[in-house]
Amino acid sequence: MELPPQPASTRAPKRERTQQGRLASKSQGSAFDQMFGDSPYFAFVISEAGRLLACNAHMHSLLGPFADDVPAAQLYAGWVLPMLQSEALPTARMRGHWRGEVELVGHDGSSHPVTQTIEWRANAQPPSYLCLAYPLDDYDVYESRLRFKYLFEAHPQPMWVYDLETLRFMVVNAAAVAQYGYTEAEFLHMTIRDIRPPQEVERLEQNLAATPRKGADQSGAWTHVRRDGSRLKVDISSHAVTLAGRPCRLVFAHDITERLRLQAELQLRGRALEASVNAVVITQHTADGDRVEYANPAFSQLLGHAPENVLGQQLETLLGLQANDDHQQAVHAAMLSHQEVTLLLHIRHRDGAQLWTQMHVAPVPATDDAIGRHVCVLTDMTAILDYQAQLEHQANHDALTGLPNRVLLSDRMAQAITFSQRFGHSLWLVAIDLDNFKLTNDHLGHQAGDELLRAVADRLCACVNEGDTVARLGGDEFLLLLPVANQRPMASLLQLVQQAVAAPLTLAQQTVAVTCSIGVSVFPADGAEPEQLLKHADIAMYRAKEAGRNQVQFYEAAMHARVAERALIEAELRHALAREELSLVYQPKLDLRSGAVTGMEALLRWQHPTLGSVSPARFIGVAEETGMIVAIGRWVLRMACTQAMAWQQAGLPALRVAVNLSARQFRDQALLEEVRAALDDSGLAPQYLELELTESLMMHNVDEAVAAIENLKQLGIALSIDDFGTGYSSLAYLKQFPVDYLKIDQSFTRDMLDEPRVAAIVRSVIALGHSLGFKVIAEGVETAPQLDYLRSNDCDEIQGYYFSRPLMPDAFAALLRSS
Ligand SMILES: Nc1nc2c(ncn2[C@@H]2O[C@H](COP(=O)(O)OP(=O)(O)OP(=O)(O)O)[C@@H](O)[C@H]2O)c(=O)[nH]1
């Protein structure tokens with residue numbers, strides 16, 4: 001019987017033939033003899049065509065003398081052959097090896113049950129099957145082989161037996177083959193050194209030297225090398241056994257690579273938990289709450305408990321939560337929810353300090369879906385929330401006084417209006433602005449100014465009730481928001497505020513007292529919207545300023561019209577110069593003795609395309625407040641000089657032109673230069689220019705005014721004090737001013753003939769002016785009796801409708817020509 005399909009010739013190739021009784025073909029060579037010559041196994045080689053190519057001594061003794069080129073089928077019992085043909089050889093060919101129990105037949109017909117491995121050697125010359133078999137002597141042995149088969153062969157863990165002397169593998173199981181990548185036949189050619197990396201060989205030798213020949217188990221962790229060179233960590237346990245009469249060791253190799261990897265991974269994770277700055281705690285869910293099973297150092301640190309004192313404790317107790325408060329209930333619900341939950345909690349440090357923490361709770365279900373454990377991660381939010389609160393406070397409060405600012409005020413106003421609407425109450429907005437606060441800053445310094453503002457803030461807070469709002473809107477402006485229910489004594493409250501603000505205070509070692517102007521608007525009478533109410537309170541406050549400061553004004557609708565008019569004038573006036581809407585008219589001044597025209601006052605006029613002729617009373621104040629007066633005044637000065645010079649050049653008598661100087665212009669550092677430039681550019685001689693200064697302007701800061709007037713005087717121009725008698729001139733100062741004229745205000749001229757007291761003032765002004773060396777001019781003369789009275793009282797010059805209204809330049813020139 002042939003095993004594999006027979007080639008065309010049934011004769012084996014010549015090179016397979018060997019001497020009868022001593023098979024050891026050239027093709028198998030001495031390597032076969034060296035390896036298997038003395039082996040206790042039956043070792044033989046079968047050609048691809050199913051002929052015996054070589055066998056070792058042990059096999060030879062079994063076979064006895066046999067013919068050259070014997071078919072391998074003759075070696076086996078008849079029952080084995082179909083299995084060999086259908087399973088063993090094809091499997092070995094396909095997978096590289098086969099293993100099974102078969103029966104060899106001796107030359108004398110004897111039966112030899114053996115365990116046989118067949119390895120297909122594709123690279124051998126010629127390609128062939130290497131067969132190794134070892135005997136199963138009797139049934140007991142066979143049975144124990146079966147047991148062995150199931151215990152050893154089928155064991156999922158790699159196992160082998162090695163010879164203690166040669167260190168050769170005697171048997172290896174399938175798990176070892178699978179784990180290490182060697183075929184079984186390869187294993188059986190190897191020693192246990194071959195699966196060690198070089199650096200562990202020495203340790204192996206030492207270990208072998210100490211290995212007991214019998215009994216005692218041994219164990220230890222080793223590094224092994226697979227066929228592909230990869231390494232694995234194994235936990236080895238070995239036990240002394242005897243196999244084929246030789247001392248051996250049975251080895252279990254438990255792959256611990258994965259276990260070690262997991263161990264390292266766990267260690268790493270453990271380290272991460274320990275090093276985490278976030279507090280991490282694992283709790284075991286129990287009927288009476290979650291108890292701490294693990295807590296990292298950050299948890300102990302966060303709460304101030306020693307690590308050993310947190311284990312087994314109830315989490316809620318450690319967090320310092322009050323029974324049944326919102327936070328405790330939130331934690332309780334989170335622990336029962338079966339879901340991941342994030343909570344913001346107010347917890348308590350062991351020392352009692354309150355902390356804001358964010359706690360993330362992740363459930364870890366028990367196997368039966370019941371709640372098992374929770375992993376809780378706590379992040380300390382105290383600093384962040386404090387910072388947020390600080391930012392929020394900064395956004396809503398004034399930095400200097402700590403009072404609510406405009407932003408918070410509008411919130412409060414919206415709330416207060418809603419509240420007042422609902423309950424039918426009224427709401428007062430009280431705008432408070434300090435009077436002349438700028439002077440405090442200027443005289444005592446900005447720091448003292450700040451101190452004053454803080455003191456005022458404190459005083460205002462002391463005046464109001466809880467539920468009222470005191471806000472600082474900026475600069476020296478404060479606002480009270482006062483809900484008014486029932487019989488609240490508002491009048492006395494406003495009085496109290498005035499008194500509180502005005503109470504003296506020591507700043508920079510000086511006692512200071514500031515007054516304030518107060519404007520009040522009332523919801524709902526003065527508006528329903530916050531913006532409107534604020535605006536109206538502001539308007540009322542400005543009215544209080546206009547009316548002389550240190551007083552309270554309630555908003556009235558008429559005030560609004562004034563404000564609107566002012567806004568219109570301001571907007572239009574900004575373009576008046578550029579659009580050439582401004583012009584000058586000239587009113588002659590007359591010498592009372594000679595009747596000659598001595599000069600003229602240049603007066604400003606504004607002709608607006610839609611507003612028509614706008615009176616100076618409507619726009620000069622606005623120009624002054626907004627600062628536009630400086631540019632306008634400069635234009636007036638130049639225009640007047642140019643006109644006066646033009647008349648002179650036209651051959652008209654040389655006359656003095658008087659120009660009014662505003663307070664702002666007077667304080668302007670550039671004034672002197674501007675006057676000089678106006679004279680230079682026009683070519684007008686200085687004695688033909690007169691500047692009219694108001695009395696109050698000069699009295700405001702006498703020393704500075706004297707210095708400025710002296711400088712102007714040095715230019716050679718004339719100076720006069722306008723509106724004399726309306727201000728608070730001090731005679732002591734008056735004599736210091738190097739002026740040329742005192743001008744009696746037109747209100748005195750108007751009333752002097754009807755009121756003896758006014759007449760007395762006029763007379764004394766004339767006498768005073770003369771005694772100080774000034775000339776005196778009266779303005780506003782409209783009638784002949786007025787003119788006569790002034791002449792009889794020795795007034796020097798007059799100006800007024802009686803002689804001439806202010807005239808356009810052409811008309812004025814005509815007047816001069818005719819006079
Ligand atoms: N010290 C100090 N001064 C401020 C602060 N904010 C604004 N000011 C000054 O406060 C002054 C406010 O001036 P105003 O209210 O316009 O004028 P006033 O001098 O009070 O005169 P009236 O309001 O017309 O009576 C200005 O000089 C500002 O420079 C501040 O925070 N601290």
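Biologist: Which helix gives the most residues to the shell around the ligand?

Modeller: This is a predicted model. H15 contributes the most to that shell, with 4 residues. Strand S16 (426-434), helix H14 (437-444) and helix H15 (446-463) each supply at least two.

Biologist: How many residues surround the ligand, and which are the closest?

Modeller: The ligand has 16 residues around it, the closest being Asp435, Phe437, Lys438, Gly449 and Gly475. By class, 7 of the shell residues are charged, 5 are polar and 4 are nonpolar.

Biologist: How do I read the sides of a helix?

Modeller: An α-helix has 3.6 residues a turn, so residues three or four places apart point the same way. Take H24, residues 702-714: Ala708, Ile709 and Leu712 are buried there. Viewed down the axis of H24, the buried residues fall within an arc of 100°, so they line one face of the helix.

Biologist: Which exposed residues does the face of H24 turned away from its buried side carry?

Modeller: That face of H24 carries Asp703, Ala707, Asn711 and Gln714. The buried residues of H24 pack against helices H21 (663-667) and H22 (671-682) and strands S27 (689-694) and S28 (718-724). After H24 comes glycine 716, with a positive phi near 95°.

Biologist: What span should helix H18 have at 1.5 Å a residue?

Modeller: H18 (residues 557-576) has 20 residues and should span 28 Å; its end C-alpha atoms are 29 Å apart, which agrees. Its buried residues are Ile569, Leu573 and Ala576. These cover an arc of only 45° around the axis, which puts them on the same side of H18. On the other side of H18, the exposed residues are Ala557, Ala564, Ala567, Ala571 and His575.

Biologist: What do the buried residues of H18 pack against?

Modeller: Their partners are strand S23 (582-591), strand S24 (597-608), helix H19 (616-626) and helix H20 (628-649).

Biologist: How should I read a nonpolar core?

Modeller: In soluble globular proteins, nonpolar side chains tend to be buried together. Here the largest nonpolar core has 70 residues, of which Ala602, Val636, Ala640, Val657, Val659 and Ile798 touch the most other members. H20 provides the largest share of this core, 9 residues.

Biologist: Which residues does valine 636 touch, not counting those up to four places away in sequence?

Modeller: Valine 636 touches Leu584, Ala602, Leu604 and Val659. There is also a second, separate core of 55 residues, which includes Ala43, Tyr76, Trp98 and Ile118.

Notes. Residues numbered from 1 in each chain as written. Predicted model: local features only at pLDDT ≥ 70, side-chain atom pairs only at ≥ 80, totals over all residues. Near = placed C-beta within 6 Å. Nonpolar A, V, L, I, M, F, W, Y, C, P; charged D, E, K, R; others polar. Buried ≥ 20, exposed ≤ 12 C-beta atoms within 10 Å, placed from the backbone. Arc of directions from axis to C-beta. Contact = placed C-beta atoms within 7 Å. Expected span 1.5 Å × (residues − 1). Core = buried A, V, L, I, M, F, W, Y, C linked by C-beta atoms within 7 Å.
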